[in-house]
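Hello,

Here is the structure for you to look through. My notes on it follow below.

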Amino acid sequence: MTSPPAALSPARAAPPARRSRRPLPPWLAPLTGAAVAVAAYLLFRGTAPLPHDDDAAQFGAVNDVRDWVDANRNESPVFLFFVNYVRLAVGGLHDALHLVLDGLGWVGLIGVAGALGRLAGGRRTALVAMLGTGSFGVLGLWEASVDTLALVLAAVLLSLLIGLPLGVAAGRSVRLRRLLTPVLDVMQIMPTFAYLAPMVLFFQIGPASAAITTMIYAIPPAIRITALAVEQVSPAAVEASTSLGATRRQTLRKVHLPMARATIALAINQTVMMALSMVVIAALIAAPGLGSDIIRGLSRADVGVMLPAGIAIVVMAVVLDRITMAAATRGPVPPGVSSAWLRLAAPAVILLVAGIAARLLPAEFPREWVLRFAGPVNEAVNWAKFSWYGATEAIRNGVTEALLNPLQTVLTTAPWWLVAAVVLAAGWRAAGARPAAVAVGCLLATALLGLWQHTMETLTTVLAGVVPALAAGLALGIAAARSPRFAAVQRPLLDTAQTMPAFVYLLPALALFGATRFTAIFASVIYAVPPVVRLVEDGIRNVSPVAVEAARSCGSTDRQLLWKVRLPMARRAILLAANQGIVMTLAMVVVGGLVGAGGLGYDVVSGFSQRTDFGMGFAAGVATVLLGIMLDRITQGADGRPSPRKSP
Amino acid sequence: MAPSDGAAIEVRGLWKIFGPRAERVLGGPDALLDPVALRDRTGCVAAVRDVGFSVRPGEVFVVMGLSGSGKSTLVRCLTRLIEPTAGEISIAGQDVRAASPAQLRDLRRHRVSMVFQHFGLLPHRRVLDNVAYGLEVQGVPRARRHRRAREILSLVGLEGSDDARPDQLSGGMQQRVGLARALAADPEVLLFDEPFSALDPLIRRDMQAEVVRLHREVGKTMLFITHDLSEALKLGERIAIMRAGSIVQLGTAEELVGAPADDYVADFVRDVPRSEVLSLRWICRPPLREDHLDGPVLAASTVIRDAVPAAMESARPIRVVRDGELIGVVDRLDILGAMAGGPAPAVPGSRRPAAGAGA
């Protein structure tokens with residue numbers, strides 16, 4: 001304990017107000033705030049609720065807009081000369097890609113995948129690519145897989161076509177970067193469900209609007225990582241180039257792009273991965289492919305239908321990830337003409353063999369090679385459900401009764417102004433006045449949308465998911481940073497987890513717990529943990545080795561090193577991890593609307609399935625965005641956030 | 001501006017102020033404030049303040065100062081890698097500040113090259129293509145630029161490293177590549193921005209010798225930035241000492257050591273062994289009546305240390321002559337005093353150099 005400041009410096013006679021404030025312990029203000037909030041809740045409970053109404057006027061207004069668009073789709077000039085052309089062009093791109101992939105036939109496509117794998121990586125990558133592509137047929141999902149692949153490729157092509165030039169420009173212009181950053185921020189914290197309804201409104205259902213939706217989801221990393229790559233090009237090299245009289249274009253072509261090549265390849269990889277996880281969700285707006293099987297399985301709680309499609313999506317993710325990552329990590333091409341030809345030789349041989357094989361093998365994937373396991377899987381799931389019923393039921397009910405229901409009751413029966421005040425206070429303390437104001441604004445806007453109650457329900461689920469996700473992520477991240485061996489075991493698991501599209505996480509949760517709120521929480525925890533672990537681990541690992549060495553030389557124990565040096569110095573990374581964890585939990589909880597999580601996610605889903613609910617679904621999409629921004633602002637402790645799925 | 005008679009680089013009244021509304025600061029009274037007050041008042045930093053100098057063709061001109069003195073900004077202003085706020089720059093008669101972007105590119109491509117502290121090599125290109133880069137952006141065909149690059153590589157002692165990547169080379173070799181790249185376009189002027197600061201002392205010495213050798217062989221005008229006084233003394237025919245953006249003294253090594261303009265410069269040159277820098281004219285004195293004027297004769301520009309053999313051979317005072325005219329004498333005591341580095345001649349003004357020593 002230090003002596004009181006007055007004794008230390010009697011000469012500095014502080015004004016009485018200041019002196020009396022000094023000894024206040026730092027926990028007093030939050031504690032008082034909490035006590036006041038509890039007291040206010042007990043006093044005003046149930047006084048100013050905002051109950052939900054399925055036929056609120058706001059929803060009706062959206063429905064009217066929808067009706068207007070439907071009626072004027074072929075008359076209004078905006079649609080006639082712009083929106084409809086975009087739809088036709090994107091649809092055309094998708095159809096063309098689909099035609100090519102389909103025309104290759106299954107043998108041809110396997111051959112092309114192998115050749116690309118060989119070209120980008122090596123023999124192993126080629127093998128993974130060929131086996132993976134072949135497995136689509138074995139799973140009995142050849143057609144659906146080709147549909148999904150065409151959609152992913154269309155979305156990725158669009159993203160890169162727009163995203164790479166924009167990223168390069170942003171990397172060289174501070175002004176453009178400043179302009180883009182907030183837009184990309186919002187795009188990245190937007191839960192995926194949110195922009196489905198507007199897409200349908202503008203581009204109707206089908207592949208075109210699915211491709212555009214996917215593009216919106218996948219383009220931020222393309223822009224962001226490319227900009228980062230170009231920005232990080234050694235300024236010394238750029239200056240040297242300029243000093244030799246190179247034009248801006250020459251410097252771009254000969255210095256920026258070659259030096260940023262590997263990172264730009266990483267941007268492409270991330271774009272592909274994001275696109276892949278979005279195409280599944282796009283199945284809600286009638287995107288063809290594997291997604292529709294998954295959605296169907298989810299809505300019927302039929303794991304047997306979902307599992308093959310889920311496996312196919314994961315396999316596709318692994319194949320595309322391996323090929324693009326191999327391209328990203330490959331060293332510079334050695335100079336010389338002969339080696340260039342040599343590099344092309346092996347892929348050419350693979351293509352040739354595939355061409356010959358295509359003549360000998362049937363055009364359709366042979367039925368007898370298909371592995372069918374929906375029946376056995378469902379039996380196994382039923383067995384698990386039945387025999388573990390006691391345990392799963394106890395966990396589920398325990399959490400629901402002890403945590404979810406009371407929390408939800410508190411949030412829905414508290415007067416709206418009290419919730420807003422708590423958000424304001426928490427935001428102010430954690431992030432400052434401006435973010436707090438934005439957060440409260442977003443919260444109140446959800447009330448104006450007529451979705452207060454559902455927002456509170458979703459918030460309940462998010463809060464319940466965030467705590468275990470952050471705790472687990474922090475523990476695993478610290479463990480990995482402390483033990484290289486543990487990190488070595490964990491890293492491939494994290495890599496796999498991060499290449500898996502979000503929907504896949506619902507599968508085991510659904511199999512174990514059936515369609516309930518708890519399922520969504522369970523899935524969101526699994527979904528949010530890997531990026532949290534990764535950010536925490538990297539943050540702790542990146543702590544300046546000089547500081548660590550200095551602390552160690554003072555005789556710190558490992559524990560002291562962790563608590564007094566590593567964790568405080570990694571504070572920014574940990575805050576960012578918390579922020580990412582919360583945003584990702586929200587994204588998954590909303591998706592969980594498909595499996596009985598209720599709240600806003602359910603509104604969005606029913607907006608697609610029932611015409612009368614369109615308005616409510618649309619508004620719920622907006623509300624999820626608002627909720628996302630609110631949570632993001634409150635937890636925004638670190639600036640310059642990278643993409644949530646960006647692997648370092 | 002009026003190009004003065006054949007100077008390779010002529011700079012007058014050059015200012016660079018970083019920060020918001022730099023022009024306004026320049027026009028007003030704030031420009032005269034000291035750096036801290038200026039930053040507090042306006043948020044601006046004056047990196048270069050009213051600098052002027054001129055470099056003769058073929059001269060090695062050194063700008064020296066501690067970090068933050070504005071020397072790197074100054075050298076970048078010369079080819080407008082950093083846009084100056086005000087002032088006049090002419091390189092071989094061309095007004096740099098008035099140059100259009102195309103003229104400026106032309107200047108950078110053909111007439112002025114730069115060597116950087118951190119080399120600025122392109123890691124994705126092999127050494128040969130790094131050296132040929134300047135020619136490549138000029139549009140020189142591949143065969144010709146590669147031939148030229150090989151010539152230059154052998155000039156800097158890097159034969160046979162054509163196909164290596166920069167990161168496979170040691171620091172010293174990387175900077176040789178940087179040097180070769182600057183020489184490839186055969187420019188009239190070479191600018192060096194602390195080129196050897198990132199190198200080990202031994203390699204630094206080799207590279208300094210290399211620069212001296214190259215200067216002898218190719219005879220380019222060189223403007224050399226450094227924070228290392230011994231490097232400045234070794235390379236520079238004339239040296240400008242910068243502090244807080246301004247040149248505090250400009251002169252030959254002798255002048256800096258013999259007659260520091262202020263305490264700052266005096267402090268800088270305190271540890272320099274005087275006898276190795278100063279010439280006899282700094283210590284010679286008018287002959288006294290008892291002096292015998294039949295001792296050995298040495299030129300006034302003889303470095304003090306080099307006068308030791310003559311002083312050892314003869315007990316008579318050395319006669320110091322310039323242009324055949326006796327300007328004074330130096331005896332053993334004077335030489336010993338100078339070699340001991342005693343404070344006597346170091347106090348500025350106590351012993352002015354004999355007539356006409358100033359630049």
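**A helix pair in chain A**

α22(A) passes α23(A) in a right-handed crossing. A crossing counts as right-handed if the near helix is turned clockwise from the far one by less than a right angle, and left-handed if anticlockwise. Helices here are DSSP runs (H or I, at least four residues), numbered from the N terminus. α22 of chain A covers residues 506-513, and α23 of chain A covers residues 517-541. Their axes come within 9 Å and cross at roughly 145°. Each axis is a line fitted to C-alpha atoms over the stretch in contact, and angles run from 0 to 180 degrees between N-to-C directions.

Which residues make the contact? From α22(A) they are A:Leu506, A:Ala509, A:Leu510 and A:Phe513. From α23(A) they are A:Phe518, A:Thr519, A:Phe522 and A:Ala523. Two residues are in contact if their C-beta atoms, placed from the backbone, lie within 7 Å. By class, this contact has seven nonpolar, one polar and no charged residues. Nonpolar means Ala, Val, Leu, Ile, Met, Phe, Trp, Tyr, Cys and Pro; charged means Asp, Glu, Lys and Arg; the others, Gly among them, are polar.

A word on the model. It is predicted: local features need pLDDT of at least 70, side-chain atom pairs count only at pLDDT 80 or more, and totals for chains, interfaces and linings use all residues. Residues are numbered from 1 along each chain as its sequence is written, while chains are lettered from A and ligands numbered from 1 in the order in which they are written.

**The record for chain A**

An unreviewed UniProt entry places "domain: ABC transmembrane type-1" at residues 145-324 and 455-635 of chain A. Such annotations may be inferred rather than shown by experiment. Residues 145-324 of chain A are 86% helix and 0% strand, with end C-alpha atoms 19 Å apart. Residues 455-635 of chain A are 83% helix and 0% strand, with end C-alpha atoms 18 Å apart.

**Where the chains meet**

Chain A gives 16 residues to the contact, and chain B gives 21 residues. On the chain A side, α11 (235-243) and α12 (248-282) each give two or more residues. α11(A) gives the most, with six residues. By class, the chain A side has ten nonpolar, five polar and one charged residues.

**Inside chain B**

The domain assignment (automatic or from a database) gives domain 1 (9-269) and domain 2 (275-346) of chain B. Five residues of domain 1 of chain B touch four residues of domain 2 of chain B.

Best wishes
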